[in-house]
Amino acid sequence: MTSSASPRSGLTVALGRAARVAARLRGGGSGGTAFPGLVMEKADPGFLARALGQLPMGVVVVTGTNGKTTTTKMVVQLLAEQGLRVVTNRTGSNFVRGVLASLLHDVDAVGRLRADVAVLELDEAHAVRFVQLVKPRACLLLNVMRDQLDRFGEIDYTASLLRKVALATTGAVVTNADDPRLGAPAFTEGLAAPVSAFGASPGLRSLFLSDDELRAGAADATAARHVSPRVVLESLSGQDATVLVDGAAHEVRFAIPGIHNQLNACAALAVALEALGDRADAALPGLLSSLGRVRAAFGRGEVLNLDGREVQLSLVKNPAGFRMGLLTAATAPGPESVMVAVNDEYADGRDMSWLWDVDFSGLRQAGVAVVTGTRAWDMALRLRYDEVDVGAVEPDLGRALDALREDSRRTGRPMRVFTTYTAMLALRSRLGELTEVEEVMK
């Protein structure tokens, strides 16, 4: 453990805080943008390592294609409810500069970081850069799916990025036992840190298809595991689940909606156990209790109240994520007023061809009330090919939200919005003017 209480660290903190004030004055909202982190990164490349090097339990990195933000939030909650002081990039900015900007909230004027452990969500590519600066004590590798093809190309390249993270990890690598790339011998062999895993039971595997299985249209999943999972999502019945930990069965009633989030919760539990080390067995009852209380991160299954009815936001950014959102919607007790919002900004990925790999036939019965976003007409065409009726095509997000509310008022149905990332941020901003929405700095 090193000390960052140095004149240089103090100067860097002052510079970052000045940049945060400047961002606010320029209209950066609460100043939670990554701009202060960019300033700190350029001025003092060693600050990140000095600050995080103070943590007695080190750094836990969470990365992968789907589920990073929600799973990171879960890991933070599990460890915090064990009495640990946890720092995290709660703003969801998952580049190195975003981590630096988040640390401004946790360090004092001379750069001291009073915490036990950091749990950090990192973009797959930026995680590689992060581990060149800071070696994680533990990493959680969630999955590898087609996503932002304009950035990453094919998924074998994404897997190679995650292997670099695993190679840099010193204490424990926690991986997805059911991912054919992350659980393969070629991925796990030669790692310095011991490998642990999470996964779904054989009876649930058809719900959690890998990218290869999804593309092949596999009805079930039978690939052999090369890593035996420590935590297994054994069975599901609505919000009730059986979770195996080291072979022992435990009953959990989840508060969080969505079967994908329940698997993410098992991933969070797996890495929390590794982070706690020798304390894990004694902590398990408390961790399981916390697991039942974890909730989704903003926009990832978030449920709001609007006009006296529920509106659920489901982030979608690739075929697997959209499939899981549609499966969750299929479990709703009755018909919903549905909106699909698709943007193609840089943070969404410019290449929207993946929409043609999603099966939208489950939306045929109730139809879609409105499609919106910069790719609204493309989305409407895609739905037409799957014989899904669309009530309105409105590229303007604000007017589309008004149309959705009107459909909900007319039918009395709750609302569900499938949305890409930048559309979700804009919709949450508009919803914040209409109802109570958790404030999240961007």
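Modeller: What follows is a set of questions and answers on a predicted model.

Biologist: Which residues have the most contacts inside the largest nonpolar core?

Modeller: This core holds 50 residues. Helix α11, residues 259-276, gives the largest share, with twelve residues. The residues with the most contacts inside the core are L79 and L269.

Biologist: Which residues does L79 touch, leaving out those up to four places away in sequence?

Modeller: Contact here means heavy atoms within 4.5 Å. With close sequence neighbours left out, the residues touched by L79 are L84, V86, V117, V119, A272, A275 and L276.

Biologist: How many residues are in the second, separate core?

Modeller: Among its members are V96, L103, V107 and V144. The count for this second core is 41 residues.

Biologist: Which element gives the most residues to the lining of the second largest pocket?

Modeller: The pocket has about 680 Å³ of space. Elements that give two or more residues to its lining are β7, α11, β10, β11 and β15. With four residues, the one that gives the most is β10.

Biologist: Of the residues that line this pocket, which are the closest to its centre?

Modeller: The lining has 31 residues. By class, 15 are nonpolar, ten polar and six charged. The closest to the centre are I256, P257, G301, V303 and Q312.

Biologist: Which residues of α16 are buried?

Modeller: Helix α16 covers residues 421-432 and reaches 16 Å from its first C-alpha to its last. Buried means under 20% relative accessible area. By that cut-off, the buried residues of α16 are T422, A423, M424, L425, L427, R428 and L431.

How values were computed: Residues are numbered from 1 along each chain as its sequence is written. This is a predicted model: local features need pLDDT of at least 70, side-chain atom pairs count only at pLDDT 80 or more; totals for chains, interfaces and linings use all residues. Side-chain values use heavy atoms; hydrogens and water are left out. The expected span of a helix is 1.5 Å times one less than its number of residues. Buried means under 20% relative accessible area, exposed over 50%, partly exposed in between (1.4 Å probe, protein chains only). A nonpolar core is a set of buried Ala, Val, Leu, Ile, Met, Phe, Trp, Tyr and Cys residues joined through side-chain atoms within 4.5 Å. On a 1 Å grid over the protein atoms alone, a cavity is a set of points where a 1.4 Å probe fits but cannot get out, and a pocket is an open set with protein on both sides within 12 Å along at least five of seven lines; lining residues have an atom within 4 Å of a point. Grid points are joined across faces, edges and corners, and a volume is the space filled by probe spheres set on the points. Ala, Val, Leu, Ile, Met, Phe, Trp, Tyr, Cys and Pro count as nonpolar, Asp, Glu, Lys and Arg as charged, and the others, Gly among them, as polar.
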